[in-house]
Amino acid sequence: MDGELKYDVVIVGGGPGGLTAARYAVKKGVSVLLIEKERRFGVKPCGEGVPDWVLRTMKLKPDPRFIDLEVEGAWLFPPDTSKGFYVSKSEAEVLTGYIVEKPVMLRLLASEAAKEGVDIMMGAKVVGVLREGGRVVGVRVRKEGKTILVRSGVLLGCDGARSLIAREVFGGWRRELVPALQYKMANVKLEDEKSIQIYFGWKFAPLGYLWVFPKGDGVANVGLGVRGAELKPYLDKFIKDHPEMFGKAQIVEIGGGVVDVAGPPKRIVDDGVALCGEAAGHVVPITGEGIGPSATAGSIAGEVAAEAVLEGDVSRKRLEEYPRRMNSHIYGARIRVGLAARLAFEGISDREITDVFSILSKKDFVNVFHGRGLKEIGLKLLRHPILAAKVARKLVLR
């Protein structure tokens with residue numbers, strides 16, 4: 001063994017959840033270490049949309065260094081795009097939303113954490129979990145060919161959809177890992193350069209959706225997540241089929257990853273350990289939104305972990321405060337409703353998806369986004385002869 005360290009709270013993973021947890025924990029006066037396996041933050045691509053309240057949760061002020069664009073609204077399109085519609089930010093009940101440069105945002109978040117006293121270990125891979133007397137007491141880390149034992153009062157696993165902490169401590173559970181591919185493209189021509197576009201249906205992205213998120217100055221994130229199909233052919237076809245947007249555009253960056261849309265498992269805490277962010281299934285299943293719920297979970301988990309250490313009680317019972325608070329938060333509702341909606345709608349055809357857009361109102365879509373109104377939507381869909389059997393009863397009887 002090449003060394004040993006000890007901290008009150010040890011966080012594995014430097015995404016929005018882990019970095020936010022670090023800031024909330026260190027504010028309580030405990031020692032905090034954040035371990036990130038990559039050599040830079042923000043390697044995993046995403047659409048990079050962030051509501052203003054999420055920045056407040058992360059304790060970040062809107063900053064031109066990482067904000068590319070203030071979003072005015074969203075275009076939602078079914079397979080028959082003539083049936084699509086626009087939702088303004090006021091209609092969506094969103095005060096302000098931004099398209100950000102995620103790596104820059106995370107670097108600034110890490111800088112603030114470091115100023116507040118968080119120690120950060122980059123390029124370090126966690127290879128195992130330490131246990132004593134049935135309780136998790138730390139991790140084993142490999143860095144630059146050396147093995148380091150890092151002991152913790154509470155360990156927070158914020159290490160993503162393929163979380164080692166989740167696997168070693170909580171075993172396996174049913175995950176729905178959706179592969180995603182994104183191009184950052186330059187010289188994109190958009191009629192509305194301040195609104196995002198989202199496309200639903202098998203035509204665009206089987207069992208997923210496709211997005212175009214403008215970043216200003218002709219740059220846009222263009223990506224999709226699908227299940228049971230190859231990503232690249234669908235994304236390339238969409239670009240080819242829309243020469244008015246992409247006829248002269250160029251790909252300047254390519255990224256890929258996976259998103260877990262199965263929702264949280266029944267248990268995400270145990271003695272001395274908790275999962276947070278995507279490692280805990282904190283992703284809105286029907287939209288793939290991850291930054292907001294991860295940061296929210298991190299704010300709660302970091303605070304609870306630090307308080308548990310200070311109280312000298314890091315038992316599972318004490319740490320259960322964290323999932324209780326998360327479940328009662330609006331993001332808890334969004335995840336639950338998003339999962340129910342995904343499971344209800346994912347088996348319908350492109351024609352039926354277009355029918356849904358004709359039957360439901362903007363308000364109905366907004367309600368799902370905010371984690372409410374599923375039963376009312378089900379009652380509307382009961383009028384449709386096919387959707388009544390395929391979708392509506394699942395929503396009304398849930």
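Predicted model: local features only at pLDDT ≥ 70, side-chain atom pairs only at ≥ 80, totals over all residues.
**Strand 5 and its neighbours**

I started with strand 5 and strand 13, which pair in the parallel sense over five bridges. Two strands count as paired if DSSP finds at least two bridges between them. Helices here are DSSP runs of H or I with at least four residues, strands are runs of E with at least two, and both are numbered from the N terminus.

Residues are numbered from 1 along each chain as its sequence is written, and side-chain values use heavy atoms, with hydrogens and water left out.

Next I checked strand 6. Strand 5 (residues 73–77) runs antiparallel to strand 6, and four bridges join them. G73 has S88 as its bridge partner in strand 6, and A74 has V87. Is strand 5 mostly covered, or mostly open? It is mostly covered, as four of its five residues are buried. Buried means under 20% relative accessible area, exposed over 50%, and partly exposed in between, with a 1.4 Å probe and protein chains only.

Contact means heavy atoms within 4.5 Å. Axes are lines fitted to C-alpha atoms, for helices over the stretch in contact, and angles run from 0 to 180 degrees between N-to-C directions.

**Helix 1 against helix 7**

I looked up how helix 1 (residues 16–26) meets helix 7 (residues 291–311): their axes come within 7 Å and cross at roughly 30°. On the helix 1 side I found P16, G17, T20, A21, Y24 and A25; on the helix 7 side, the list includes I291, G298, G302 and E303. The residues of this contact divide into seven nonpolar, six polar and one charged. Ala, Val, Leu, Ile, Met, Phe, Trp, Tyr, Cys and Pro count as nonpolar, Asp, Glu, Lys and Arg as charged, and the others, Gly among them, as polar.

**Cores**

The largest nonpolar core has 111 residues, and V139, L156, I165, Y322, F345 and L381 have the most contacts inside it. Helix 7 gives the largest share of this core, ten residues. Another core lies apart from it, with 22 residues, among them M185, Y199, L224 and A249. A nonpolar core is a set of buried Ala, Val, Leu, Ile, Met, Phe, Trp, Tyr and Cys residues joined through side-chain atoms within 4.5 Å.

**Two single residues**

I found R316 in helix 8 (residues 316–319). R316 counts as partly exposed because its relative accessibility is 35%. Leaving out residues up to four places away in sequence, R316 touches R267, V269, D270 and D271.

Last, I checked L379 in helix 13 (residues 374–381). L379 is partly exposed too, with a relative accessible area of 46%.
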